[in-house]
Amino acid sequence: MAIDRIWSYAPDSGYTEGQDLTGFTVAATDGTIGHVDREDAPHGMRHLVVDTGVWVFGRSVLVPAGVVTGIDTQGRRITLACTRADAKAAPRFQTDSETRDRGYLTAVGDYYDRLPPRATTSA
């Protein structure tokens, strides 16, 4: 996936402009990682902040919109093109101010863009 597309939902992801994904369950290719806490798009870098609950000791992870492979509106579930380990190893998200920091967002986008393509499970 091209770095310029990492910040946009793929046309076949099921995303509808203006759709509120807050509270949706987020699943990697190998299991659930948490739920959407909030969405943002500073500098045109659209992403989800995912609350991982106790899975990663209560910390959140930032996931670029381009990593989303499917959105099941009825089931309130989002699927990603990465594993749980990939999400856990992403650049650490620590403060809300990072969601607006172009340098941090660029590092996150570069990280996800370098991941190998993964087979996805259905939403």
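Tutor: Two strands pair if DSSP finds at least two bridges between them. Helices (H or I, at least four residues) and strands (E, at least two) are DSSP runs, numbered from the N terminus. This is a predicted model, where local features need pLDDT of at least 70 and side-chain atom pairs count only at pLDDT 80 or more, while totals for chains, interfaces and linings use all residues. Residues are numbered from 1 along each chain as its sequence is written, and side-chain values use heavy atoms, with hydrogens and water left out.

Student: What makes strand 3 and strand 4 a pair?

Tutor: DSSP needs at least two bridges, and 5 join strand 3 (residues 47-51) to strand 4, so they pair, running antiparallel. H47 stands opposite P64 in strand 4.

Student: Why is strand 4 called largely enclosed?

Tutor: Buried means under 20% relative accessible area, exposed over 50%, partly exposed in between (1.4 Å probe, protein chains only). In strand 4 (residues 60-64), 5 of the 5 residues are buried, so the rest of the structure largely encloses the strand. S60, L62 and P64 are buried on one side, V61 and V63 on the other.

Student: How do you know that Q19 is buried?

Tutor: Its relative accessible area is 14%, and the cut-off is under 20%, so Q19 counts as buried. Q19 lies in the segment before strand 1.

Student: What makes Q19 and T73 a polar contact?

Tutor: The term needs a pair of N or O atoms within 3.5 Å; within protein, one must be able to donate a hydrogen and the other to accept it, and residues adjacent in sequence count only if both atoms are side-chain atoms. The side chains of Q19 and T73 make theirs at 3.0 Å, so the pair qualifies.
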